[in-house]
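Colleague: Could you take me through this model step by step, with the criteria behind each term?

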Protein chains: 2
Amino acid sequence: MMRSYGQYCPVAKATEVVGDRWSLLIIREMLYGTHRFNELERGLPGIPRSLLAQRLRHLEREGVVGRCAAAAGRGTEYYLTPAGQQLQAVIDALGNWGAAWAFGEPQPQELDPVLLLWWMRRRVNFEAVQAARVVLQFDFHGRSTGSYWLVIEPPEVSVCLQPPGFDIDLRVRAELAAFYQVWFGQLALGEALRRGLVEIEGPGLLVQSFPRWFALSHFASAVRAALARTADSAPPATLA
Amino acid sequence: MMRSYGQYCPVAKATEVVGDRWSLLIIREMLYGTHRFNELERGLPGIPRSLLAQRLRHLEREGVVGRCAAAAGRGTEYYLTPAGQQLQAVIDALGNWGAAWAFGEPQPQELDPVLLLWWMRRRVNFEAVQAARVVLQFDFHGRSTGSYWLVIEPPEVSVCLQPPGFDIDLRVRAELAAFYQVWFGQLALGEALRRGLVEIEGPGLLVQSFPRWFALSHFASAVRAALARTADSAPPATLA
DNA sequence: CAGTATCCGATGCGATACTG
DNA sequence: CAGTATCGCATCGGATACTG
């Protein structure tokens, strides 16, 4: 844990609570609705399990995180206390700043297809899906190549690294970097389709409604705003 | 420097820029008008000089800080770029949160009289002072005891650990913890005076105008708001 | 599934000393 | 005044193994 700065200052004290490596990303995950240890781990590729446990204990001691017996299934569930929930303002400020000033071209190894699907999983708009189950296959190409699956069974969504067994309803072929750009609002989906960076195959009705199945990243508008400031030509404002 | 999280996410990328230990406190200092290496060090007691230099280089590479030959005197001056200035929103969010949720009773060793005067130095309201020079002597008691001096010569203010040689215009005797409480808005100066936690000696005119010489901490209102939430009795809203 | 335990190599941090 | 150089230690990151 970050040792004390020895300053009685709100900024310093806050930093002692949430300033350790990984801590703010753990809180980001929890703000976006993750409650289980293994799900937190999935959203934080590379974090050692032992460190995740240590951070959760620290945040619990500091009154930011609580833990309770899981409502469904066994094991523990973590939740944000009121103090934790109010860190939303910090995450927002940091994310908006990052979108504007620290969001240059991604490194190839920063484009993780599984992580992207993991993010999309939490942003499914169930009302737009209108089906008991939809199975999507994503075929990514570009720097990294691979196929992954998203099974939407409202109100559940699963990310699969292996074919889920069900028939595929919709296939999305996409250049991974371009798909990230769509996710962050830098590239409109329509434009990506027109330029062949993303292709969608399947029944016409599904293809037509697909653009409304997902909300973009929470920071898409901030990223787009920064982009508009840099270049003069801003992409259109909606995914569809 | 904090190594990459390997995530193309605005929060993660921002954290990689400003998430290292001390970085946000360096930026806090610069937002409050500090530009010189040695002044930064004074505002960050305990930071190794080598680490301060390293952080400044990192922040410069990341486009948050710039450096230039000093306008006055010799040496280098550091300044915040536009990107750095916009970190104000992050510092505010963090400080407001810290004031509300991480600002319990101070540890004795967190009450540093020199640091407090260093903060006050930047919050002098020159218009209220109305003198070519005012010399204040602070006699702190309580857990730690000691005398320090503040020399206000608009637009300059100096913190001295030794008697500055000039005649003393005003003497402030104060319990250090109580004076910190006043600084953060937890305790009204009038109340502190009434309870004998702070005493001011000097010419009546100066004693009377003293309460307007300093603005409180930037986070005083947030601290007070948090206090009002906890206990029902909120101290009055102004220092005077 | 949800962690804890342990080990090891890398590096971040802090303390001290030194330089132009 | 404004840094740099060096060194030891604590912590972190990563891997592996183990437990209820």
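Colleague: Which residues does S144(B) touch, not counting residues up to four places away in sequence?

Modeller: This is a predicted model, in which local features need pLDDT of at least 70 and side-chain atom pairs count only at pLDDT 80 or more, while totals for chains, interfaces and linings use all residues. Residues are numbered from 1 along each chain as its sequence is written, and chains are lettered from A and ligands numbered from 1 in the order in which they are written. S144(B) is found in the loop between β3 (134-141) and β4 (146-153) of chain B, where helices (H or I, at least four residues) and strands (E, at least two) are DSSP runs numbered from the N terminus. With contact taken as C-beta atoms, placed from the backbone, within 7 Å, and residues up to four places away in sequence not counted, S144(B) touches L111(B), P113(B) and L176(B).

Colleague: Is S144(B) buried or exposed, or in between?

Modeller: A residue is buried if 20 or more other C-beta atoms, placed from the backbone, lie within 10 Å of its own, exposed if 12 or fewer, and partly exposed in between. Because S144(B) has 13 C-beta neighbours inside 10 Å, S144(B) counts as partly exposed.

Colleague: Which element gives the most to the side of chain A that touches chain B?

Modeller: The contact takes 44 residues from chain A and 44 residues from chain B. On the side of chain A, the elements that give two or more residues are α1 (10-18), α2 (23-31), α6 (88-101) and α12 (220-230). With eleven residues, the element that gives the most is α6(A).

Colleague: How many residues surround DNA strand C, and which are the closest?

Modeller: A residue is near a strand if its C-beta atom, placed from the backbone, lies within 6 Å of it. At least two residues of the surface near DNA strand C come from each of α3 (37-43) and α4 (49-61) of chain A and α4 (49-61) of chain B. In total 20 residues surround DNA strand C, and the closest are F37(A), N38(A), A53(A), G75(A) and R21(B).

Colleague: And which residues are the closest to DNA strand D?

Modeller: For DNA strand D, α4 of chain A together with α3 (37-43) and α4 of chain B each supply at least two residues of the surface. Of the 18 residues that surround DNA strand D, the closest are P48(A), N38(B), S50(B), A53(B) and G75(B).

Colleague: Where does W22(A) lie, and is W22(A) buried or exposed?

Modeller: W22(A) has a positive phi of about 80° although it is not a glycine. W22(A) lies in the loop between α1 and α2 of chain A. Because W22(A) has 20 other C-beta atoms within 10 Å, W22(A) is buried.

Colleague: What is omega for the cis peptide bond that joins P154(B) and P155(B)?

Modeller: The place of P155(B) is in the loop between β4 and β5 (156-160) of chain B. For the cis bond joining P154(B) and P155(B), omega is about 0°.

Notes. Contact = placed C-beta atoms within 7 Å.
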